[in-house]
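Q: I'm new to this one. Can you walk me through it, starting with how the pieces pack?

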Amino acid sequence: MAKNSERRDLFPGALELMILQSLRLRPMHGYALVKHIKQVSDNLLEVEEGSLYPALQRMLREGWLDSEAGTSAKGRPTRIYRVTAAGLRHLEQEVSSFEKMFAGITRVLAVAQP
Amino acid sequence: MSMLALFSRRRRYDDLSVSIQEHIAERADELEAEGMPRAQAEQTARREFGNVGLVEQRSREAWQWPALESILADLKFIGRRLRRSPGFTVTVLLTLAIGIGANTAVFSVLNSVLLKPLPYPEPDRLVSLTLEAPGAEGLSDFINGLRLSASMYFTFARHNRTFESLGVWMPSTANVTGLAQPEEVHSEMVTDGVLQTLSVPPLLGRWLTAVDQDPKGIKSVVLSYGYWQRRFGGDSSAIGRSIMIDSDAREIVGVMPRGFRLVDQDFDVLLPVAFDPQNEPLAGFGYQGIARLKPGIPITQADADIARLIPLWMDSWTNGPGTNPHWYEIWRITPALRPLKQAVIGDVSQVLWVVMATIGLVLLIACTNVANLLLVRAESRQQDLAVRSALGAGRGRIARELLLESVTLGLLGGVVAVVIASEGLRLLVAVGPANLPRLHEISLDVRSLGFTFFLAVFSGLLFGAIPAFKYAGGHMRSIFSGAARTSSATRERQRSRKILVIAQVAMALVLLISALLMIRTFLQLRNVDPGFSGAPNLQTLRISIPDSLVPDDRQVMQIQSSILAELAALPGVSSAGFAEALPMEGIDPNWDEIRFEGKPDNNDHPPLRLFNFVSPGYFHVMGTRFVAGRDFTWDDNFDMRPVAILSENLARETFGSPAAAIGKRFRQFSSMPWQVVIGVVQDVRHNGVAEPPPFTVYWAAMSANPYKANTIHAPRSVTFALRSGRAGTQAFFNEVQQAVWHVNSSLPLASVQTMQEIYSKSLARTSFTLVMLAIAGSMALLLGIIGIYGVISYAVSQRTREIGIRLALGAQKSELKWMFVRSALVLTAIGVVVGLCAAASLMQLMKSLLFGISPLDPFTYIAIPVVLVAAAAVASYLPARRAASINPVEALRAD
């Protein structure tokens with residue numbers, strides 16, 4: 001995932017999490033998704049295309065996403081992705097487990113401070 | 001995969017492409033907006049996106065069973081590569097197809113004959129009622145242990161506790177008249193219980209039962225499907241009609257279904273035997289018994305049951321007034337029940353396993369050859385494989401592709417093999433080795449096809465494993481360093497091929513030794529004097545004269561002698577005679593004890609001797625030499641003089657020399673007049689060349705019946721033998737038939753064959769094994785030679801540069817040649833040593849198939865290695881000569 005060494009690899013499931021959260025705001029096409037994540041994260045996170053498209057297909061297969069024909073901002077034909085009800089449920093589960101994990105990590109790190 | 005799924009997948013893939021194209025276009029737009037020229041912007045957008053094909057492929061994998069689809073892609077690639085080298089492909093496919101095909105064919109035989117259950121319901125409960133009589137000395141010289149008598153049948157059937165049903169039967173022949181020409185048909189005399197035991201319902205009508213067995217009751221017959229089709233055109237109104245069998249009118253009461261055989265017998269008609277239920281003698285041990293066990297009863301319990309009934313049998317029946325029914329205790333008759341299948345298969349199982357093993361070895365050798373070819377091919381692909389490995393293809397991926405290629409070759413070979421095998425089986429069934437049981441059941445079934453599939457995959461993996469193991473490995477970087485170009489083939493690279501060659505030589509040696517042992521066995525058998533000569537010029541035919549046609553025994557003899565006179569007068573016939581049984585016909589005419597005058601027997605129970613009944617001149621026709629004394633005359637016959645002829649072994653054993661036997665007297669029992677020995681003839685191998693000649697007493701064809709005062713014994717079924725240069729021709733047969741019908745037009749001719757055919761049939765097991773092993777051996781030798789040639793030839797091509805250097809430095813050409821030949825001979829020598837050790841132990845398994853030579857026959861164990869080493873020398877000399885003719889300048893400049 002890292003294009004240069006300053007960025008860290010995402011943990012498993014993180015990319016899906018961000019895709020679901022982004023698409024929950026509004027349905028988007030692929031390029032818009034990349035730009036959205038980049039902007040929202042202040043350029044801290046950059047989604048690599050090589051990971052994005054396989055991930056989208058996996059999520060379509062799982063039924064978390066739906067795709068439909070649409071046009072981009074420039075009027076080119078593309079496919080718009082939206083979150084399904086199953087996707088939302090999955091997102092909520094993942095967010096809560098992510099939060100628990102994050103809280104745990106934070107506490108461990110806090111104790112370790114000298 | 002359903003059409004819908006495929007369609008929706010296609011749509012998914014299109015969606016994906018659209019998304020990606022738009023993604024790149026939008027990025028390009030953005031870059032252009034930032035001030036980049038359009039062309040550069042597009043290029044940059046593409047570069048940033050990365051490998052579109054790869055991303056698409058990985059995205060598509062979300063919808064796929066990835067392993068399968070990439071295997072399909074590999075298969076396409078393999079198909080393209082194989083098409084590009086047709087020479088390699090055809091060689092490999094043919095080698096495999098022949099190897100696997102031969103295995104499939106032999107396995108089908110093995111499967112149909114040995115493994116498949118008998119074609120009767122619940123065949124596991126069927127047993128063959130066989131008896132042993134270790135106390136009856138001489139009995140083992142005859143063809144089949146002790147069979148059952150009619151009285152035994154009644155005792156066993158009435159009093160057993162372990163059988164659901166039980167019956168006895170005897171193959172016979174019958175004359176059918178009134179339908180077309182008089183015809184001799186193959187009949188089976190069966191009792192109640194035989195068809196019930198086999199449990200195959202009739203196609204029409206009913207089985208033969210106890211009703212049919214009453215001597216005073218109705219006369220009935222059951223037809224085989226084939227006979228019903230032939231004579232009644234499959235007309236179901238045949239039931240209830242009458243046909244004349246042995247001049248008796250018999251009512252057709254049933255037809256058995258197609259393919260039904262009585263144990264191992266094809267028959268035309270089933271006839272009920274007419275035993276007297278009250279009054280049968282103890283003796284008359286001529287019937288084969290079969291029984292169906294009650295469910296859950298083990299064969300040992302049935303054995304005990306029969307053992308219990310044997311004393312009861314002796315208590316219940318008698319051989320006549322004044323005889324001791326318990327006399328048979330001396331014989332120590334014991335039951336030796338066997339599963340029916342075992343009885344049907346007989347001793348053929350060993351032959352089949354040996355053939356299967358040898359053919360399996362041939363396939364192994366073929367596989368090593370193919371592995372060698374694949375190694376060479378993989379070597380030439382080394383560069384390609386190294387590049388792929390450098391680009392990130394894993395070991396597993398490369399190994400998978402190499403294995404997939406070899407398994408594909410194996411499977412393609414398997415498909416061709418099935419064609420070869422089915423043709424081979426058709427041929428085999430058509431040629432029909434006479435004594436192969438269950439020949440008609442041989443077919444390619446699901447199990448054989450499964451076996452073929454297994455072999456195809458297994459051999460594919462086997463010969464593919466070696467290159468896959470070698471070339472999927474990581475040590476290939478050296479290729480880029482150019483090492484391959486400059487150095488000669490390393491030891492490392494040659495080693496696996498050398499091991500393959502050693503294995504090949506060893507296996508070929510084992511096969512060749514087994515083949516030569518069989519050839520020597522065959523020659524030994526051919527050298528045995530069978531007791532007759534000039535077999536190809538001996539025409540034989542069997543004629544039976546039924547009671548109902550000619551009731552008077554004396555008249556039977558007159559008819560037979562008239563036939564003999566007619567036959568002897570035919571043009572081109574030099575002599576003619578007849579006997580109750582010709583050697584190797586598979587008939588034991590009769591047997592009993594005899595007592596010589598003045599020769600007290602040690603235990604009062606002399607051994608059993610084979611009896612045969614012969615016409616005057618019979619020995620002369622057969623070429624059986626007289627060792628002493630004279631032949632029977634017609635007067636001996638018609639006056640029923642008490643004379644007999646002995647076999648040489650019997651005369652020698654009793655009197656020390658044949659001449660001493662002349663004029664001596666013997667009899668069977670005290671109430672019988674003394675019989676005078678008038679002649680002694682050489683021993684005859686009555687039961688086949690490999691069996692010792694039985695001690696035999698020859699009686700005149702017509703003689704006084706010793707068992708019943710004032711009656712005649714004249715066999716009604718006899719085999720005629722004619723010596724003629726025209727034996728075996730159709731024209732001759734027609735004349736013979738006319739001559740017989742000239743005497744009596746109701747007599748059919750049966751078993752028309754030359755003595756040579758009878759002789760060959762008795763050798764059929766050996767010649768079948770011999771042919772199979774010889775084929776396997778020569779295939780092995782050929783494949784082995786090709787293997788050695790291939791390895792040396794490849795070594796030469798790999799070492800061209802080295803040879804060039806050696807030549808340039810002044811090496812002698814003869815030394816160079818010798819260097820290559822020597823390396824081949826070293827491999828061969830190692831293979832020979834390994835093979836000799838293997839052969840010495842494996843050949844013990846073939847012991848019972850051999851005759852007159854040891855499984856460690858020194859000649860064989862010297863000759864075959866010599867042949868192999870010579871072949872290896874030739875096979876390596878050809879490429880070695882090429883090496884020596886290399887031009888050093890060109891060799892160094894090449895590459």
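Q: At what angle do helix 3 of chain A and helix 3 of chain B pack?
A: Helix 3 of chain A packs against helix 3 of chain B, residues 52-60, at about 25 degrees, and the axes are 8 Å apart. Axes are lines fitted to C-alpha atoms, for helices over the stretch in contact, and angles run from 0 to 180 degrees between N-to-C directions.

Q: What am I looking at, and how is it numbered?
A: This is a predicted model: local features need pLDDT of at least 70, side-chain atom pairs count only at pLDDT 80 or more, and totals for chains, interfaces and linings use all residues. Residues are numbered from 1 along each chain as its sequence is written, while chains are lettered from A and ligands numbered from 1 in the order in which they are written.

Q: And what counts as a helix or strand?
A: They are DSSP runs, numbered from the N terminus: helices are H or I with at least four residues, strands are E with at least two.

Q: Which residues meet between the two helices 3?
A: On the chain A side, Glu49(A), Gly50(A), Tyr53(A), Pro54(A) and Gln57(A). They meet Val55(B), Arg58(B) and Ser59(B) of chain B. Contact requires C-beta atoms, placed from the backbone, within 7 Å.

Q: How many residues are in contact across the whole A-B interface?
A: 17 residues of chain A are in contact with 18 residues of chain B. Helix 2 (30-40), helix 3 (49-62) and strand 3 (77-83) of chain A each supply at least two residues of the chain A side. Helix 3 of chain A gives the largest share, seven residues.

Q: New topic. What is the strand order in the chain A sheet?
A: The order is 1-3-2, in an open sheet of three strands with antiparallel pairing. Strand 1 (28-29) and strand 2 (65-71) stand at the edges, each with a single partner strand, so one side of each has no neighbour in the sheet. Strands pair if DSSP finds at least two bridges between them. Strands 2 and 3 of chain A pair over seven bridges.

Q: Last one: how do helix 13 and helix 14 of chain B cross?
A: Helix 13 (residues 395-431) and helix 14 (residues 446-471) of chain B cross at roughly 150 degrees, with axes coming within 7 Å. They are therefore roughly antiparallel to each other.

Key
Angles under 35 degrees count as roughly parallel, over 145 as roughly antiparallel, 65 to 115 as roughly perpendicular and the rest as oblique.
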